Amino acid sequence: MSGNIVLKTELSGLKLLRRGKVRDIYDLDNALLIISTDRVSAFDVVLPNGIPEKGKVLTAMSVYWFKIMTDIIPNHLITSEINNFPENIKQYRAIIEGRSMLVKKAKPLPVECIVRGYLSGSGWKEYMENCSVCGIPLPAGLLEGSELSEPIFTPSTKAETGHDENITFEEMGKLIGAQLAEKVRVKSLAIYNRAKELARKKGVIIADTKFEFGLDENNGLLLIDEILTPDSSRFWPAADYRPGQMKDVS
């Protein structure tokens, strides 16, 4: 830890399960401790310098949106209040407070669940080639950043290394089962539509976003990981929205 920047956690006595591009995850046997560090990842590369308090912003945003969406789908959040953490975790308050979540364990689905309300990123690249995104045909003549007539669900693979690859909904169904795939699509679109409306009232466009889902011990579907943060979403200022001229601010 350097100043207000936390780039890496070393919590002695706790089992480090995984160190991702941004988050450190510890196994507490009956739950997981997810810590959002201030690391910055771009194009699958972790940059040497972090952004002070970034992890706290990511955590606060995820906690907010998890609570907003509970009537649509349950999520894995148990608590983000360190006073409610197990006693052996509280000793690390100075490092993890505000940037950590205690969450339920779940078996992650092997797909990224992406919803696009606007044409950008890899979706734009694919559209320029064949006027479709993940097998979904779109009207000709759209510009980069054009708003779609209605949001589309465009899943991708979840690569352990390298880049995720866009797949069709049918291919997703083969991976996780058609019934579960349809449920995930419906939930993803419902979450995005609610967030899109709330954000637009605050002058922010959510162009697209990525969700992750998992199954609990009873095979119930849970929203997991993070939700609607700058690391998983593309945000634009509504006041500056100009199709064909949009630049990311996320």
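This is a predicted model: local features need pLDDT of at least 70, side-chain atom pairs count only at pLDDT 80 or more; totals for chains, interfaces and linings use all residues.
Residues are numbered from 1 along each chain as its sequence is written, and side-chain values use heavy atoms, with hydrogens and water left out.

View 1. Helices (H or I, at least four residues) and strands (E, at least two) are DSSP runs, numbered from the N terminus. The C-alpha trace spans about 60 × 40 × 35 Å along its principal axes. For 250 residues, a compact globule would have a radius of gyration near 18 Å, and the 19 Å of this chain agrees with that; the radius is taken over C-alpha atoms, and the globule rule is 2.2 Å times the number of residues to the power 0.38. Buried residues make up 47% of the 250 residues, where buried means under 20% relative accessible area, exposed over 50%, and partly exposed in between (1.4 Å probe, protein chains only).

**View 2. Helix H6 covers residues 178–201.** At 1.5 Å a residue, its 24 residues should span 34 Å, and the end C-alpha atoms lie 35 Å apart, which agrees; the expected span is 1.5 Å times one less than the number of residues. The buried residues of H6 include Ala181, Val184, Ser188 and Tyr192. The buried residues of this helix pack against helices H1 (54–68) and H5 (169–176), and against strands S9 (111–118), S12 (147–153), S14 (204–215) and S15 (221–224). Just after H6, Gly203 takes a positive phi of about 85°.

**View 3. Ile191 is located in helix H6.** Ile191 counts as buried, at 0% relative accessibility. Leaving aside residues up to four places away in sequence, Ile191 touches Met69, Ile72, Ile73, Phe211, Phe213, Leu223, Ile227 and Leu228; contact means heavy atoms within 4.5 Å.

**View 4. His76 lies in the loop between H1 and strand S6 (77–79).** With a relative accessible area of 4%, His76 is buried. Not counting residues up to four places away in sequence, the residues that His76 touches include Ile34, Phe66, Met101, Val103, Leu222 and Asp225.
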